[in-house]
Amino acid sequence: MEVLINPPRSSWEFLVQRPVMDPSELEQRVRKILEAVKVAGDSALLDFTERFDGIRPASLPIHIENPQAIASQLSPSLREAIGVAKSNIEAFHRTQQEPIQKVETMPGVYCWRKSLPIDAVGLYIPGGTAPLFSTILMLAVPAKIAGCPKVVLCTPPNKEGHIHPAILYTAHILGIEEVFPIGGAQAVAAMAYGTESVPKVDKIFGPGNQYVTLAKQLVSQEGTAIDMPAGPSEVAVVADETVPANFVAADLLSQAEHGVDSQVFFVTNSESYVGEVQMEIAKQLHHLPRAAFAEKALANSKAIVLDSEADQIDLINAYAPEHLILSLGRWEEFSEGIRNAGSVFLGPYTPESVGDYASGTNHTLPTNGYARAYSGVSLDSFIKKITFQHLTAQGIRRLGPVVEHMAKGEELDAHFQAVRVRLEELNNPKE
C-alpha cells in the first residue's frame, strides 16, 4: 500500500481515483461483444463462453431438476447459514414495503401512489474467481418480495462447465429453477436483448468486473434499466489505535481478496499505527488462498494519515466508498459527518463481512464514487411507483381555475381548454 502523510487537499482529487483500464480500449471490446450477441444470439453466447471461460456449455439454461442432490453437496452448517442470512435479508427488506396512502390535497382532489413489481428482472451473479451465492440472496430476495413475475439468473460456469452447487442451492430455495451458465459482458447482452434461450428483461442487477459494469452502462443507453454502476469491490476503513491492528488488516484484506481490480483505502491519524496494520497484513496474507489477488489489489491501494478528524471526514466524503468501516473509539460522532457511502459499518465489532452475507442489509452497492448520487439495491429497486389522481366535481371546480391560470401563463391553450370544457359543463349542465 502507498502511504501518504497529511496530503494537501489539492491532491485529493487524484487520491480518490480508482484503478481503471484504458476506457477507449475497454469500450471497443465490450461494444463488439454486445453487438455479436444482439446479432447471433445463443451462438455468440456459446462462442464467448468457450473463449473467456474455457468451456462450451452443453445447454442453455441449466435446469435445477434434483435439488436434494445439490443440497447434499453442501454441508449442513452452510445450508443453515444460508437459511439464516435469507431470513435476515427478508426481514430487513420487508420493512421497505409501503402501503397505499391516499392524500386529499384539497377538497375533492385525491392523489396516491401504488408500487408495482418490474415484470422481468435479470440477476448477474459473479462467479469467475469465487462463487458469490450471497449475491443471489441480495438480489432474488427483494425481487421475490416485490413480486417480480420473471427472474432470470446468469452466472459464469467453472472450467468444467458446471455451476457451483451453492449457487444452484440458493437459487432453488428462492424459487429460481433454471440458471444460465454465462458470464461477463455477454451475459449482460443476453439479458438486455434476449436470445433464443435467454429471455429479455426490463432491468439488470448485479455487480461485476469492469467489462460487466461498462456493458450495463451501455445497454442502459438503449432502454434496459440497470440497478447502478456497480463495479469492482472497494472498502474504506477509518481506524484509530483504540482498535487492534489485526482487525483493520483483516478488514482491508477481506476486500482486497475480491480481485486484482479491487481497492482498499485506509485512513488514520497515526503513522506508527499504519506500520502496525501493514505488519498484520503481511502476516495474514500468508494464510489466504487468494493472496495473489489481494497483493495486486493492495498495490493499487492507499494508507493515508490525516491529523484532523474534519479532514478525515471530508476525504471519505470525497472518496464516496462502496463500503465504509469506522473502527474508531468515537465512531458515533464521526458517522454524523458521513454523507457519501454505500453502506457503513460502525464500531470495531462490525466487519464489512456481516453486511456482505447475513446482517440483512443489501451488499449490492455503488462503487467508483457513485455513492455520491446512488443508493444501494433495496426493495425499491425492483418496483416502479405509479401515481394516480381522481377529482370529483367539487375538486375540478376548486383546482380547475388554478390550472387554467398556469396553462395560460405557459401559453398552452389546449391544456387550458381541457379544464375549461369541464367547468363549462358543470356550470351549464345540459337539460
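Which handedness does the crossing of α8 and α9 have? The crossing of these two helices is right-handed. We will come back to this pair after a look at the whole protein. Keep in mind that the structure above is a predicted model.

## The whole protein

The secondary structure comes to 17 helices and 15 strands. Along its principal axes, the C-alpha trace spans about 90 × 60 × 45 Å. Of the 431 residues in the protein, 49% are buried. Contacts reach across the sequence as well: among those with a separation of 6 or more, 74% join residues 24 or more positions apart.

Now let us go inside. The largest nonpolar core has 40 residues, and Val121, Leu123 and Phe382 are those with the most contacts inside it. Several elements each supply at least two residues of this core: α4 (67–71), α5 (76–94), β5 (120–124), α6 (133–146), β6 (150–154) and α7 (165–173). The largest share, 10 residues, comes from α6.

Leaving aside residues up to four places away in sequence, Leu123 touches Leu139, Ala140, Val151, Val152, Leu153, Cys154, Ile176, Met191, Phe205 and Phe382. Apart from this core lies another one, of 32 residues, and Leu60, Tyr124, Val188 and Val212 are among them.

How many of the 9 residues of α7 are buried? The count is 7, so the helix is mostly covered, as buried means under 20% relative accessible area. The buried residues are Pro165, Ala166, Ile167, Leu168, Tyr169, Thr170 and Ala171. They pack against α4, α5, α6, β6 and β7 (178–179). Just after α7, glycine 175 takes a positive phi of about 85°.

## Helices that cross

Back to the opening pair. The axes of α8 (residues 184–193) and α9 (residues 210–220) come within 8 Å and cross at roughly 25°. Because angles under 35 degrees count as roughly parallel, α8 is roughly parallel to α9. On the α8 side, the contact is made by Gly184, Ala185, Val188, Ala192 and Tyr193, and on the α9 side by Tyr211, Val212, Ala215, Lys216 and Val219. These residues divide into 8 nonpolar, 1 polar and 1 charged.

A second pair is α10 (residues 245–256) and α11 (residues 271–285). Their axes come within 8 Å and cross at roughly 60°, which makes α10 oblique to α11. This crossing is right-handed. From α10, the residues Ala245, Asn246, Val248, Ala249, Ala250, Leu252 and Leu253 meet Tyr273, Glu276, Val277, Glu280, Ile281, Gln284 and Leu285 of α11. The residues of this contact divide into 10 nonpolar, 2 polar and 2 charged.

Phenylalanine 247 is also found in α10. Which residues does Phe247 touch, not counting those up to four places away in sequence? They are Pro348 and Tyr349. Phenylalanine 247 and tyrosine 349 are 102 residues apart along the chain, and their C-alpha atoms are separated by 8.7 Å. With a relative accessible area of 28%, Phe247 is partly exposed.

The peptide bond from leucine 60 to proline 61 is cis, with omega near 0°.

Two other residues have a positive phi although they are not glycines, Asn368 and Glu411. The table sets them side by side.

| Residue | Phi | Loop between | Relative accessible area |
|---|---|---|---|
| Asn368 | about 55° | α15 (352–357) and β15 (383–391) | 38% |
| Glu411 | about 60° | α16 (393–409) and α17 (413–427) | 67% |

Are these two residues buried, partly exposed or exposed? Asparagine 368 counts as partly exposed because its value of 38% lies between the cut-offs of 20% and 50%. Glutamate 411, at 67%, is exposed, since exposed means over 50%.

Notes:
Residues are numbered from 1 along each chain as its sequence is written. This is a predicted model: local features need pLDDT of at least 70, side-chain atom pairs count only at pLDDT 80 or more; totals for chains, interfaces and linings use all residues. Side-chain values use heavy atoms; hydrogens and water are left out. A nonpolar core is a set of buried Ala, Val, Leu, Ile, Met, Phe, Trp, Tyr and Cys residues joined through side-chain atoms within 4.5 Å. Buried means under 20% relative accessible area, exposed over 50%, partly exposed in between (1.4 Å probe, protein chains only). Helices (H or I, at least four residues) and strands (E, at least two) are DSSP runs, numbered from the N terminus. Contact means heavy atoms within 4.5 Å. Axes are lines fitted to C-alpha atoms, for helices over the stretch in contact, and angles run from 0 to 180 degrees between N-to-C directions. Angles under 35 degrees count as roughly parallel, over 145 as roughly antiparallel, 65 to 115 as roughly perpendicular and the rest as oblique. A crossing is left-handed if the near helix is turned anticlockwise from the far one by less than a right angle, and right-handed if clockwise. Ala, Val, Leu, Ile, Met, Phe, Trp, Tyr, Cys and Pro count as nonpolar, Asp, Glu, Lys and Arg as charged, and the others, Gly among them, as polar.
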